[in-house]
Amino acid sequence: MNLHRNPIPVEDAINKVLACQIKGDIERIPLMDADNRILSEDLIADHDVPLFDRSPYDGYALIANDTIDASLHNPIVLDVVGAIGAGSVYTEPLQPSQAIRIMTGAKIPTNADCVIMLEDITEDSPSQIKLIKKMKKNQNISFQGEDVAKGTVIVKKGTKINPGIVALLATFGYKDVPVYKRPVIGVMATGSELIEVGEPLEEGKIRNSNAYMIISQIKRAGAIAKYYGQVSDVLEECVEQMKRALNEVDFLITTGGVSVGDYDLLPAIYQQMDAEVLFNKVAMRPGSVTTVSTINEKILFGLSGNPSACYVGFELFAKPMIDTYLAKESIGLKIEKAILSESIDKKNSFDRFIRGKAYMEKGQLHVKLSGKDKSNMVHSLAEANCLIHLQAGRDDYRKGAVVDIRLIDELY
Ligand SMILES: Nc1nc2c(c(=O)[nH]1)N[C@H]1C(S)=C(S)[C@@H](COP(=O)(O)OP(=O)(O)OC[C@H]3O[C@@H](n4cnc5c(N)ncnc54)[C@H](O)[C@@H]3O)O[C@H]1N2
Ligand code: MOO
Ligand SMILES: [Mg+2]
């Protein structure tokens with residue numbers, strides 16, 4: 001085994017993965033299932049919203065000019081010639097001194113140019129109303145197109161569908177929604193020390209937590225996970241399982257066995273499978289041994305076995321690839337600046353990505369460590385919603401300093 005690997009800068013490694021540019025197809029799915037999916041076409045308004053001038057209140061539609069002399073001492077009397085609720089229309093043009101009883105959402109009749117609220121009517125009967133309030137032309141009318149004008153690009157393709165976008169899709173009649181297909185990502189854990197989650201612990205063994213963590217990360221990133229279980233550190237078995245999985249998925253993620261140990265089989269597996277290794281060492285901690293390779297149009301992510309290294313490797317390298325496949329508008333983790341709420345005493349000879357908890361305080365973004373910073377630890381992942389990026393060569397990360405963080409989850 002070649003023990004000496006050539007570490008490449010983390011941004012170069014990310015760019016190598018992104019250069020693969022593997023993009024997903026488009027599919028149409030029912031509107032009800034569209035949440036969190038990525039829109040594959042610009043959503044363009046094919047009609048005005050509202051489609052017609054309508055009443056924003058329950059009241060009477062009338063001609064403002066009829067109320068020009070209205071006052072406390074000079075109540076105006078108008079003839080009520082009809083009553084309409086939302087969904088009904090009054091088809092006759094309104095004549096001077098006439099009013100229509102109209103409910104919220106109903107179409108304003110021709111010639112009517114304002115709406116007086118029910119509360120502002122002094123007296124009413126089915127045939128007449130009395131009012132003392134002067135009305136202005138265009139008062140209390142929701143105008144055609146004031147919400148969305150026909151032809152407007154309302155939502156750009158590449159946007160994640162949220163409840164507001166669902167409302168717009170429904171408004172414009174999208175029974176089925178065009179979205180990007182989600183990649184199917186295989187997950188396989190390697191290591192003879194692993195036992196499955198439901199099994200009792202044995203001496204020297206550990207539960208396979210990484211596979212479940214990765215599956216959860218895949219779902220958070222908007223892709224579909226397919227679990228291929230765990231394989232022992234036996235070369236032939238690993239190669240066979242990985243070949244089988246590769247036939248069924250878009251990408252394959254393995255965890256463990258990428259370092260230089262006696263039972264770290266991934267380097268040999270890649271060789272046997274004729275995979276092209278893009279990199280097998282990144283100048284960062286944790287996750288330095290993260291290896292990414294390609295076979296035809298498929299990408300293999302060889303993530304570290306150490307839980308925190310595995311987690312970081314996924315977020316830095318696999319997440320942007322998923323974003324690319326989904327043609328998202330923004331690729332990779334969002335970078336923000338945050339104020340350190342505690343000093344970090346680390347010598348950073350490599351770029352370091354520490355699991356952090358970012359939070360808002362007095363309108364400013366702050367960040368603290370989410371737990372102990374060691375790549376073989378799992379506890380600090382629970383509260384992590386960002387990665388704190390400590391740059392190589394800097395050791396001045398004192399409390400109050402501003403640091404770059406990469407967001408991996410909501411602030412809370
Ligand atoms: N001589 C060297 N030793 C190591 C180096 C090095 O450069 N030279 N790198 C270290 C670093 S950094 C890391 S990170 C690890 C990477 O190890 P591997 O990716 O080869 O992973 P394993 O050896 O299979 O396991 C490491 C560790 O993680 C536990 N593990 C494995 N799979 C799982 C799982 N599915 N769920 C939970 N935990 C898992 C495993 O039991 C080991 O404790 O190598 C260092 N060594
Ligand atoms: O790759 Mo290791 O994760 O640097 O700790
Ligand atoms: Mg190892």
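Author: Gladly! Let us begin with strands: two of them pair if DSSP finds at least two bridges between them. Keep in mind that this is a predicted model.

Reader: How do you know that strand β3 and strand β5 pair?

Author: Strand β3 (residues 59-62) and strand β5 (residues 98-102) share three bridges, in the antiparallel sense. Pairing asks for at least two bridges, so β3 and β5 count as paired. As for residues, Tyr60 has Arg101 in β5 as its bridge partner.

Reader: Which order do the strands of the open sheet have?

Author: The six strands run β6-β3-β5-β4-β8-β7, and their pairing is mixed.

Reader: What makes β6 and β7 stand at the edges?

Author: β6 (114-117) and β7 (123-124) each have a single partner strand, so one side of each has no neighbour in the sheet.

Reader: Which residues of helix α1 are buried?

Author: In α1 (residues 10-18), they are Val10, Ala13, Ile14, Val17 and Leu18, and buried means under 20% relative accessible area. Viewed down the axis of α1, these buried residues fall within an arc of 135°, so they line one face of the helix.

Reader: Which residues touch the most other members of the largest nonpolar core?

Author: That core has 47 residues, and the ones touching the most other members are Ile253, Phe279, Phe301, Phe314, Leu316 and Phe317. Its largest share, 10 residues, comes from α6.

Reader: Why does this core lie between domain 1 and domain 4?

Author: Domain 1 (10-25 + 181-325) and domain 4 (334-407) both give residues to the core, so it lies between them.

Conventions: Residues numbered from 1 in each chain as written. Chains lettered and ligands numbered in written order. Predicted model: local features only at pLDDT ≥ 70, side-chain atom pairs only at ≥ 80, totals over all residues. Heavy atoms only, no water. Buried < 20%, exposed > 50% of the residue type's maximum accessible area, 1.4 Å probe, protein only. Helix = DSSP H or I, 4+ residues; strand = E, 2+ residues; numbered from the N terminus. Arc of directions from axis to C-beta. Core = buried A, V, L, I, M, F, W, Y, C linked by side-chain atoms within 4.5 Å. Domains from an automatic or database assignment.
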